Amino acid sequence: MTDRLKGKVAVVTGGASGIGEGIVRRFCAEGARVILADLDAVNGAAVATDTGAEFCSLDVADQSSWAALEATVRSDAGQLDIMVNNAGIVSNLDITAVTVEAWQQLMNINLLGVMLGCQTAISVMRDNPDDAGGSIINTASSTSYLAIPDVAYTTSKTGVVGLTKSVAVHCANEGFNIRCNSIHPGATLTNILKTAIEQMPEVEEACKKMSPLNRMGTVDEVAAMAVFLASDEASFCTGGQYAVEGGTVSQHPKM
Ligand SMILES: NC(=O)c1ccc[n+]([C@@H]2O[C@H](COP(=O)([O-])OP(=O)(O)OC[C@H]3O[C@@H](n4cnc5c(N)ncnc54)[C@H](O)[C@@H]3O)[C@@H](O)[C@H]2O)c1
């Protein structure tokens, strides 16, 4: 690795597993000081121990939990350069099955959680030394472009695009020197998909066929995009949507 993030402080939500864990591992390897923020203290602490990251308990859907994280970042690190709002869940409920409770639970994590993460990031990044600003990266999905029956999930990931653009434009207009972009993974083999494949083995082949490359993506491939957006190399990138989905949305479904 090349120390592309040396001297930077990063928070990664949902860092205890899957794509977030991959981002934590790569950010640490690139020289960043990483705060792994997750509800899952067991896996979170294990990944932190293995990588040299610091574990911080966080429920992204809870505003007071974000206030505690902000206080910890300010007192322990004194700056925040990178915020990855990555924690997310699925509901697997279509429009005829979804309940108000299931809808609200998913929206609180996948959309409200990202909004609170952006607010927290901006609050700390504005106080960074030397007006250094920072980079916010929100994990959306190929589902932001191509709907699946999980109605709350599709809606949340479409919402992350608008949220990201609004934050990017506001920060630029105000001269905050804070960039904000979304990453759009395609089918990536993590716990979310492993559970579905265990229950319905045919899901694995269907996920592979989504991409003309005929395979799923890896967490390392998504983490590589996060490193670029987090680094100073991405200094002219804001409000953008960065696909890591093996051409999924480029392929005509009937070909
Ligand atoms: N795996 C895929 O195919 C895929 C594709 C596109 C987008 N995504 C997105 O990538 C992100 C990560 O998903 P993943 O596949 O790595 O899933 P994952 O289940 O492996 O990891 C999700 C992590 O989020 C944490 N989390 C859940 N609720 C939380 C909360 N309220 N507060 C804090 N942490 C919480 C979990 O403990 C877990 O560590 C999600 O936003 C997901 O929608 C995944």
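A polar side-chain atom of Thr190 sits 2.4 Å from an oxygen atom of the ligand. I count a polar contact as a pair of N or O atoms within 3.5 Å; within protein, one must be able to donate a hydrogen and the other to accept it, and residues adjacent in sequence count only if both atoms are side-chain atoms. Taken alone, the ligand exposes 840 Å², and the protein buries 91% of that; these areas come from the Shrake-Rupley method with a 1.4 Å probe, and for residues only the protein chains shown count as cover.

Before going on: this is a predicted model, where local features need pLDDT of at least 70, side-chain atom pairs count only at pLDDT 80 or more, and totals for chains, interfaces and linings use all residues. Residues are numbered from 1 along each chain as its sequence is written, and side-chain values use heavy atoms, with hydrogens and water left out.

Backbone atoms are involved too. For Ile19, a backbone N or O atom lies 2.8 Å from an oxygen atom of the ligand. For Thr188, a polar backbone atom is 2.8 Å from a ligand oxygen.

How many residues surround the ligand? There are 28, and the closest are Ser17, Ile19, Asp38, Tyr153 and Thr190; to be near, a residue needs a heavy atom within 4 Å. By class, this shell holds 13 nonpolar, 11 polar and 4 charged residues. Nonpolar means Ala, Val, Leu, Ile, Met, Phe, Trp, Tyr, Cys and Pro; charged means Asp, Glu, Lys and Arg; the others, Gly among them, are polar.

Which helix gives the most to the shell? That is H6, with 3 residues. Helices H1 (18-29), H5 (151-173) and H6 (191-199) each supply at least two. Overall, the chain has 8 helices and 7 strands, taken as DSSP runs numbered from the N terminus (helices H or I, at least four residues; strands E, at least two).

Last, overall size. The C-alpha trace spans about 55 × 40 × 35 Å along its principal axes. A compact globule of 255 residues would have a radius of gyration near 18 Å, and the chain agrees, with 17 Å. That radius is taken over C-alpha atoms, and the globule rule is 2.2 Å times the number of residues to the power 0.38.
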